[in-house]
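Please walk me through this structure. I am new to it and would like a brisk report on its chains and contacts.

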Amino acid sequence: MSQTVLEINQLETSFTRDKQKIKILRGVNFSVNKGEVVGLVGESGSGKSLTSLSIMQLFHDTTGKIDKGTIKFNDQELTKMTESQMRKLRGKQISMIFQEPMTSLNPVLKIGRQLMESIRLHLNYDKEQSRKHAIEMLKKVGIGRAEELMDEYPHQLSGGMRQRVMIAMAMSCNPSLLIADEPTTALDVTIQAQILELMKGLKQDHETAILLITHDLGVVAEMCDRVVVMYAGEVVEEADVFELFANPKHPYTSGLIRSVPKIGENKEELDSIKGQVPSPSNMPTGCKFAPRCEKAMAICNEAAPPMLNINQNSKCSCWLYEKKDVTVHNE
Amino acid sequence: MSTTVIDSKKAQQPAAQYSPLKEFWRNYKKKKVALIASVFIFLLIVIAFIGPYIAPYDPYEPNYDAILEGPSAAHFAGTDEYGRDIFSRLLVGTKISLTVSFSAVFLGLIAGTILGLISGYFGGRVDKVIMRCCDVFFSFPDLLLAIAIVAILGPGINNVIIAVMIFSVPSFARLVRGATLSAKENVYVEAAKSMGASHTRIIFKHIFPETISELIIFVTMRVGTAILAASGLSFLGLGASPETPEWGVMLSSGRDYLGTASHVVLMPGIAIFLTVLAFNLIGDGLRDVLDPKIKNS
Amino acid sequence: MNNILVVENLKKKFQISGGLFEKKEFVNAVMDVSFHIKEGETFSLVGESGCGKSTTGRLITRLVDVTEGKIVVNGKDVAQAKNSELTHLRESVQMIFQDPYASLNPRMKVKDLIAEPLVIHTKLSKEERDKLVYEMLEIVGLNAEHANRYAHEFSGGQRQRIGIARALITKPKLIIADEPVSALDVSIQSQILNLLKKLQKEFNLSYLFISHDLSVVEYISHRVGVMYLGTIVEQGDKEAIFKNPLHPYTKALLSSVPIADPTMRKEKMVLKGDIPNPKNPPSGCTFHTRCPLATDICKQQIPKMKQINDKQQVACHLVNEN
């Protein structure tokens, strides 16, 4: 059994707006093992990005707050940590890359200075060592003119280059978990291919666990070992990537897969899921997907389905599988 | 995000219809100070209409038996150097002060808005010419410019209105131009263009509404300034004729008695002060509610 | 079938600097683009950022002025059209925009948004306009209760439906859709794509579909043009382009698209380097800096568009008819 790096249990996170608490995450469970790429998939409003911010406890100046649940990272409990303990962890043991690298790079500081800063902070290197290490990292992410780049500013780089720099920065302290939030969404296809290739290579070399958050099923199929599908703040299905695409269990997952046009498929009409994601302030009781589900039964509107172990490769939270020969998954 | 999502099938019951005006009132109600100021201005406007009818004395009629009397039960605000009741004069003067400032600002608003819209929307050479002209006006201090204009046109209430209007135009033009420039960037403006909408339609249907909230804020502030300017001109003897109960004139004629009967100056002074303050407070309140930059923070 | 749109040697130069004391600098956003769209057909322009696909769309509706070339809509060259001619063009060619949040005026009610083209182009009475609006709402899958609401009360997919209703209300023949689904969630995206296809059949519409997403393009198009740095490098029938891409860039682009099926993971043809800055494009074939097959001639000569077979045209020195 491989070593578990991250284990999230019953995580609930909410925002407060106009003195009203709005629950966004409603009990999220999943884990990430060493050297594994786990895809966290969902549409806007599914809570996938908030899950990553909850792990990092980066709510900035928003009103986000973890209400319940545990986040275990290498035997440390993150929800109980103080801000200063978290700060030591971020960037060293857990790193994060974002969709738009420009927002996480400081526009007025040179690339080199920003890279070296986190290296010196976390690895206690002196100036000379950290510069060497920074250049080495830039070369590792495929930047040929690493030395020159150290003295350039972020706005002088293209989107793809900036994302490489972000990855170099994220990987510089050899973290055990890398959270990548839509890392290629803002990039062009040919550049996306470069970055995905790079991330695959880094994972092989360093055995880093990667939590890849994306809405793009193509990227998931390409990169991930295991997939967690989220809908309206809950995990609806978790499965091995091959199992998920070949044999999706949850009606939402199968609807999602069927609604993506695939090259070479030549469909006359795409399948689609009717309706839209419910708003957090107006959640249906019972299964959150029931109003859009074609297979909805009476019970779906009454009670939320439990997470069921379908087989060793997949779990699914859907009443369709209740009566079949499965055991209720207790945690 | 404050979007409410409507399910195409469900939610047929007409939930509280969104209305921009209701939304505004809901937020404005919370601004207590601005609300009090609004009530004050509302009362002033009422007085402007009914002032002459409720005034206890004739504001023009001298009474040589009661010269420079202090405030008393008979004369709430005392009497001036000709024995005229100051309170009555203030009531009647409200109309003059408000008319002058409102009409000056209104005229300035119209001219400035048109220039600003043209300048911002069309850009290029038109924009340059209009903005350079505004720069010339901006390089004079407001009051000095007004004095110069009245000096050329000759004293009188109407000329005061024109003078105050002229120095308002560039400020309005610049404000509207800025708002227009940012409104022009909206994709829906481009969409309107792609539909074949004429310039006039784009300007008035899609761009002008974007400038309204900023304009409302600015107008209220500007009315305060206009009252000050008009009073200032009258104080200098360039505005209303000496017998009119205009607040600036009253201030001016009373200044000789500052040491002996200070209420003659104090009463119109307080009137001007409170009115200008009230307009500025309303402006601040409106800004908090309407300005998108502040609203989102 | 008739050609609804013929574009010939279209060029657009943007001035990017050149104030009083600056040297004038230009960007060639579109260089010599030619294509045509038939009645009832979808032609897609696909490419990465900065390839000029959006500019091409905006040139056709004349949102930006044409530097050079011909745009023939319904047999009439409108490249330099002015005033009433231009207004007429914009009645027969409508646009659908990428961002359904930004392209609808937040101060207008849905029925006024949809009726706007009618107000501009027709002299219909309010009742007649309302009737058409309600019909159109039905056609795009919204209902009458939505007419009196404001756009911000709707989700992205519904807003795009409003945008489509507005584009269709004057019964145009040609619709220019600039990335109409890229801001939408996957499950909503397919709803809108299906709707566009359905409407095309119903009204015999022609689409110029502009997108960066190859899977979407394959689904919706009849013919495709692949753009790179302001030029079309390959165009032809959809099946031919997707099954048998000839230009090295088309090949790389297709190979780069991640496919939503893990059993189809394959070695990719990953292009090296970045897309060059359009301000300073490479000499000769603009793709030579990233092309794995580039030779000397590619650096010197701009390749001409050649008909390779009855289905495909390619601009590459290395591809020849057989």
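## Salt bridges and chain contacts

C:Arg58 is partly exposed, at 28% relative accessibility. In these terms, buried means under 20% relative accessible area, exposed over 50%, and partly exposed in between (1.4 Å probe, protein chains only). C:Arg58 forms a salt bridge with B:Glu190, and their closest N and O atoms are 2.8 Å apart. This pair crosses between chains: C:Arg58 sits in helix 1 (residues 53-60) of chain C, and B:Glu190 in helix 7 of chain B. B:Glu190 is partly exposed too, at 22% relative accessibility. A salt bridge here is a side-chain nitrogen of Lys or Arg within 4 Å of a carboxyl oxygen of Asp or Glu. Helices (H or I, at least four residues) and strands (E, at least two) are DSSP runs, numbered from the N terminus.

This is a predicted model: local features need pLDDT of at least 70, side-chain atom pairs count only at pLDDT 80 or more, and totals for chains, interfaces and linings use all residues. Residues are numbered from 1 along each chain as its sequence is written, chains are lettered from A and ligands numbered from 1 in the order in which they are written, and side-chain values use heavy atoms, with hydrogens and water left out.

The confidence score, pLDDT, runs from 0 to 100 for each residue. Chain A has a mean pLDDT of 87, and 96% of its residues reach 70 or more. Over residues 325-331 of chain A, the pLDDT is below 50. Where pLDDT is low, the predicted coordinates should not be read in detail.

**Chain B with chain C.** The contact (heavy atoms within 4.5 Å) takes 26 residues from chain B and 34 from chain C. About 2700 Å² is buried between the two chains, and carbon and sulfur atoms give 54% of that. Buried area is the accessible area (1.4 Å probe) that two parts lose on being put together, summed over both. There are three salt bridges between chain B and chain C. On the side of chain B that touches chain C, helix 7 (187-194) and helix 8 (199-235) each give two or more residues. Helix 7 of chain B gives the largest share, six residues.

**Chain A with chain C.** Here 44 residues of chain A are in contact with 45 of chain C. The buried area is about 3700 Å², with 55% from carbon and sulfur atoms. A:Thr190, A:Glu222 and A:Ile263 lose the most area on the chain A side, together 19% of what that side buries. Three salt bridges are counted between chain A and chain C.

**Across the structure.** The whole structure has 39 salt bridges over all chains. Some are listed below.

| Salt bridge | Closest N to O distance |
|---|---|
| C:Arg107 and B:Glu210 | 2.7 Å |
| A:Glu222 and C:Lys268 | 3.2 Å |
| B:Arg177 and B:Asp127 | 2.6 Å |

A:Lys288 lies in the loop between helix 11 and strand 11 (308-311) of chain A, and A:Glu234 in strand 10 (residues 234-240), so the pair ties together parts 54 residues apart in sequence. Both A:Lys288 and A:Glu234 are buried.

**Chain B itself.** Chain B has 11 helices and zero strands. Of its 297 residues, 45% count as buried. B:Asp127 is buried, with a relative accessible area of 11%, while B:Arg177 is partly exposed at 22%.

Methods:
pLDDT is the predictor's confidence in each residue, from 0 to 100.
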